[in-house]
Amino acid sequence: MLIRPPTDEEAREIIAKVYAARGIRLVDKRHDAVSQALAWALGELRGAGLDVPTAEGFLRDYATTLPSLDPAFVAVVGWPGDPAEIGAGDLGRCCHEATHAEQIARDGAPAFVLAYLASRTARALYEAHACGAADELRLAMGEALPAPAAEAERFRPYLLGDRQIALIAGVLRSVRATLGAGVSCYGVAREMVEALRARGCVA
């Protein structure tokens, strides 16, 4: 239960600690060479007739977690803007991206990238669980969530079909049922909720 909203500074402290513990580096997508290359590739795919985000939309609207090319880090989160301006309203999205970093660490960078790109089912499951982690945090903060089917639909631009969208919705329904029974599902979300509790933001 939400007691008071966290301040932007508190949110940045929580995100910094969670990301440091998982070897995550935050970068501004507008000035990141890998993000720029991905934006170009999306533009080419869109030009070929695929219903993917525009290059401009990818850089402006999407956070993106990729394996790090720097061995000092596990993953790099490309943020759509200046990471220094991240605030309390971004906690859910940051939780989502940290869950992807955990997936990379768990599966290994090559396996994660191959599965994400080659298998729509794997891509759907990766996104479903990252979304579920963000939902766990948002529920603890007293936020109203969209219906699972509606939430799953926003992943349609990830080149997912009806079966994969239904899979995401099913995972989200299961996650919410588990959370409703008082059981935490995701370590990232649990850690962020505990940090909010320690600051007197949630009960």
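**View 1. Ser68 and its neighbours in the predicted model.** Ser68 touches Phe73, Val74, Ala75 and Val76, leaving out residues up to four places away in sequence; a contact here means heavy atoms within 4.5 Å. The spot to look for is the loop between strand 2 (64-67) and strand 3 (75-79). Helices (H or I, at least four residues) and strands (E, at least two) are DSSP runs, numbered from the N terminus. Ser68 has 16% relative accessibility, so it counts as buried; the cut-offs are under 20% relative accessible area for buried, over 50% for exposed and partly exposed in between, with a 1.4 Å probe and protein chains only. A polar atom of the Ser68 side chain sits 2.9 Å from the backbone oxygen of Asp70.

A word on the model: it is predicted, so local features need pLDDT of at least 70 and side-chain atom pairs count only at pLDDT 80 or more, while totals for chains, interfaces and linings use all residues. Residues are numbered from 1 along each chain as its sequence is written, and side-chain values use heavy atoms, with hydrogens and water left out.

**View 2. His96 and its polar partner.** His96 belongs to helix 4, and its side chain makes a polar contact of 3.0 Å with that of Glu127. A polar contact is a pair of N or O atoms within 3.5 Å; within protein, one must be able to donate a hydrogen and the other to accept it, and residues adjacent in sequence count only if both atoms are side-chain atoms. With a relative accessible area of 7%, His96 is buried. Setting aside neighbours within four places in sequence, His96 is in contact with Glu127, Ala130, Cys131, Ala134, Arg154 and Phe155.

**View 3. Arg138 on helix 6.** Look for Arg138 in helix 6 (residues 120-140). Arg138 comes out as partly exposed, at 22% relative accessibility. Apart from neighbours within four places in sequence, Arg138 is in contact with Gly92, Arg93, Glu143 and Leu145. Ala195 is 57 residues from Arg138 in sequence, and their C-alpha atoms are 14 Å apart.

**View 4. Pro83 in its loop.** Pro83 lies between strand 3 and helix 4 (91-107), in the loop. Its relative accessible area of 18% makes Pro83 buried. Contacts of Pro83, ignoring neighbours within four places in sequence, are with Leu26, Val27 and Asp28.

**View 5. Leu159 and its positive phi.** Leu159 has a phi near 60°, a positive value in a residue other than glycine. Most residues other than glycine have a negative phi. Leu159 is in the loop between helix 7 (148-153) and helix 8 (162-180), and at 34% relative accessibility it counts as partly exposed.

**View 6. Stepping back to the whole chain.** The chain has nine helices and three strands, and they run α-β-α-α-β-β-α-α-α-α-α-α along the sequence. Its radius of gyration is 17 Å, close to the 17 Å that the globule rule gives for 203 residues, so the chain is as compact as a globular protein of that length. That radius is taken over C-alpha atoms, and the rule is 2.2 Å times the number of residues to the power 0.38. Along the principal axes, the C-alpha trace spans about 50 × 35 × 30 Å. Of the 203 residues, 46% count as buried.
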